Amino acid sequence: ALTDIIRDDLVSKGVDCHRIDVIPNGVELPEKSADVSSNRDVLYVGNFSQGHVKAFDVLLDAWRRVHAQVSDVKLILVGGGDSRVWREYARNAGLSSSVVFRGAVPDPAEYYQRAAVFLLPSRREGISNALLEAQSWGVPAVVTDIPGNIVVIKSGSNGLVVPVDDSRALAEATVLLCKDAAQRVRMGRNARRRAESMFSMDQVVDRMLVCY
């Protein structure tokens, strides 16, 4: 099981707890961290075809509020899938100048490296690989309070946690981090440390070997 919460759900459905090992997704750690003190981009990485699950409507509504307060910051959207609906959504909301759709890229490392904040407003996730990648680069995240996210993000330590479907709270947390470089640096360092100690590929491989 990816998380303790999934394990507990399996146990409640009759699976013997002794037959369950909790092993999260793992992430490769880059050699260096992003310079979140001077970076300005806010980053999202995910599949545009899963628009409802990924809550792009909430993301773009929140971004309208963010852009009104920090107009020099851009939202960079990276990922595969059909983004036409969301491009139109952004245009209709008057956000075309501050929202950049990059589409699918073979290696998103350069975008993590240039990011100041990572956003994940999903309604459902297992454990997001994109979130783990952002953490491995030392980028603080604003995420929704779903089980797969709160396993990774401890609010106030390595990021901020907001309620699902709350675009106002998502915007407020994003603005807070965009305006406070010292907080970004502190949370970014904690993000990298947590990725190293809990989600590095070496750690996950060791746990998988023990399981087998």
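Predicted model: local features only at pLDDT ≥ 70, side-chain atom pairs only at ≥ 80, totals over all residues.
Residues are numbered from 1 along each chain as its sequence is written, and side-chain values use heavy atoms, with hydrogens and water left out.

Overall build next. The protein has 10 helices and 6 strands; these are DSSP runs numbered from the N terminus, helices being H or I with at least four residues and strands E with at least two. Its radius of gyration is 17 Å, close to the 17 Å that the globule rule gives for 212 residues, so the protein is as compact as a globular protein of that length. That radius is taken over C-alpha atoms, and the rule is 2.2 Å times the number of residues to the power 0.38. Along the principal axes, the C-alpha atoms fill a box of roughly 55 × 35 × 30 Å.

Of the 212 residues, 48% are buried, meaning under 20% relative accessible area with a 1.4 Å probe and protein chains only; exposed is over 50%, and partly exposed lies in between. Contact means heavy atoms within 4.5 Å. Among contacts with a separation of 6 or more, 68% join residues 24 or more positions apart.

Now helix α3, residues 56–69. Its 14 residues should span 20 Å at 1.5 Å a residue, and the end C-alpha atoms are 20 Å apart, which agrees. The expected span is 1.5 Å times one less than the number of residues. Buried residues in α3 include F56, L59, W63 and V66.

Two of those come up again with T174, which lies in helix α8, residues 167–179. T174 counts as buried because its relative accessibility is 0%. Leaving aside neighbours within four places in sequence, T174 contacts W63 and V66, as well as V42, L119 and V142.

Last, Y111, in helix α5, residues 109–113. Is Y111 buried or exposed? Y111 counts as buried, at 12% relative accessibility. Not counting residues up to four places away in sequence, Y111 touches L43, I76, V78, R102 and V105.
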